[in-house]
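Subject: Structure handover

Hi,

My notes on it follow below.

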Amino acid sequence: MRILISGAAGKLGSRLIKQLHGKHEAVGADVIGDVEHFLDIEDYDACCSLVNALAPTIVLHTAAWTDVNGCALDPARALRINGVGTHNLAACCAIADIPMLYVSTNEVFDGMRKHPYREYDSPNPQNAYGYSKWYGERALLQINPRHYIVRTAWLFAHGGGNFIQAILAAAKAGEPLRVVTNEIANPTYTNDLAEAIARLIETERFGTYHLVNQGAVSRWQFARYILDSAGFCDSPIERITRQQWQRPSLPPEYTALENIEASSLAINLRPWQEGVDAFLKAEGFCL
């Protein structure tokens, strides 16, 4: 397959390039980074021009503005990138009769229940980021019947800039740690997600999927596991509530996802603890 990946300079997009290389022809596009093609998904004509020129077998749409606080401060921009940008690419794919996979988020749900959300539970986003991603879901759903919607949560990847690196950096520096106890979701290793997506697109079973590492956990429990596994057992973590951690965007409280649909296809991600262990080992920590 020739596979076009938007957002190829990002953590997930770049990992997908590596995951697919060798078995498929993976072509990357982005507005930044060292990628094969420049693509601004806010430009409809540019989207159609690239799709028509490359004639991919499928488009994997990972490009997004994932700064949740930035989205809260500028919701119009979030909607343009995550919503209208997805609409643009979905329309171009539909016209060319090309399937499209869209990576969405657990934050399309409101977090007001105490058991995991399944694929066809009703979204009810509570912040600008979640709304913009839900907008993208709806656009793809209505425009292109040959689609995959993949929701994931709490991604961590190599290369810095995620929760694990932030926790470890603070512990190494001896800085005090304060972590929320009542935000709960599924920590997900980008490497595992990329592998699952690669398997999913070979099934041609279109629909909505929840691809997360197994198990739900609070931010505090996640941080405690990271520190204990990386050799910082003596580093204390103050327990706080989400209301005590002031930020522009307040995430939903409970957005654990359950993998029903992909599991029926024998696509299951390992427990999140094993994903963290693999991540730490690759980063050079002796477990």
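Asn191 is in contact with Arg15, Gln19 and His158, leaving aside its neighbours within four places in sequence. Contact means heavy atoms within 4.5 Å. Asn191 is found in helix α7. Asn191 counts as buried because its relative accessibility is 15%. The cut-offs are these: buried is under 20% relative accessible area, exposed is over 50%, and partly exposed lies in between, with a 1.4 Å probe and protein chains only.

Two notes on provenance. This is a predicted model, where local features need pLDDT of at least 70 and side-chain atom pairs count only at pLDDT 80 or more, while totals for chains, interfaces and linings use all residues. Residues are numbered from 1 along each chain as its sequence is written, and side-chain values use heavy atoms, with hydrogens and water left out.

Helices and strands are DSSP runs numbered from the N terminus: H or I of at least four residues for helices, E of at least two for strands.

**Helix α1 against α7**

The axes of helix α1 (residues 11-20) and α7 come within 9 Å and cross at roughly 55°. That makes α1 oblique to α7. For the angle classes, under 35 degrees is roughly parallel, over 145 roughly antiparallel, 65 to 115 roughly perpendicular, and the rest oblique. Axes are lines fitted to C-alpha atoms, for helices over the stretch in contact, and angles run from 0 to 180 degrees between N-to-C directions. The crossing of α1 and α7 is right-handed.

On the α1 side, the residues in contact are Lys11, Leu12, Arg15, Leu16, Gln19 and Leu20. They meet Thr190, Asn191, Leu193, Ala194, Glu195, Ile197 and Ala198 in α7. By class, this contact of α1 with α7 has 7 nonpolar, 3 polar and 3 charged residues. Ala, Val, Leu, Ile, Met, Phe, Trp, Tyr, Cys and Pro count as nonpolar, Asp, Glu, Lys and Arg as charged, and the others, Gly among them, as polar.

**The sheet**

The open sheet has 7 strands, in the order β3-β2-β1-β4-β5-β6-β11, with parallel pairing. β3 (37-38) and β11 (207-210) stand at the edges with a single partner strand each, so one side of each has no neighbour in the sheet. Two strands pair if DSSP finds at least two bridges between them.

Strand β4 (residues 58-61) pairs with strand β5 (residues 100-105) in the parallel sense, over 3 bridges. Leu60 has Leu101 in β5 as its bridge partner, and His61 has Tyr102. Helix α4 (residues 75-95) touches β1 (2-6), β4 and β5, and its direction makes about 165° with that of β5. Helix α7 (residues 190-200) touches β4, β5, β6 (147-152) and β11, and its direction makes about 160° with that of β6.

β5 and β6 run parallel and are joined by 6 bridges. Ser104 stands opposite Arg151 in β6. How many residues of β5 are buried? The count is 6 of its 6. Met100, Tyr102 and Ser104 lie on one side, with Leu101, Val103 and Thr105 on the other.

In β1, 4 of the 5 residues are buried, so this strand is largely enclosed by the rest of the structure. β1 runs parallel to strand β2 (residues 25-30), and 5 bridges join them. Ile3 has Ala26 in β2 as its bridge partner.

Helix α6 (residues 163-172) and helix α9 (residues 272-282) pack at about 60°, with their axes 12 Å apart. α6 and α9 are therefore oblique to each other. α6 passes α9 in a right-handed crossing. Ile164, Gln165 and Leu168 in α6 meet Val276, Phe279 and Leu280 in α9. By class, that contact has 5 nonpolar, 1 polar and no charged residues.

Helix α8 (residues 219-229) is mostly covered, with 8 of its 11 residues buried. Among them are Trp220, Phe222 and Leu227. The buried residues of α8 pack against β7 (155-156), α6, β8 (178-180), β12 (217-218), β13 (238-240) and α9. Just after α8, Gly231 takes a positive phi of about 95°.

Best wishes

Terms used
Left-handed = near helix turned anticlockwise from the far one by under 90°.
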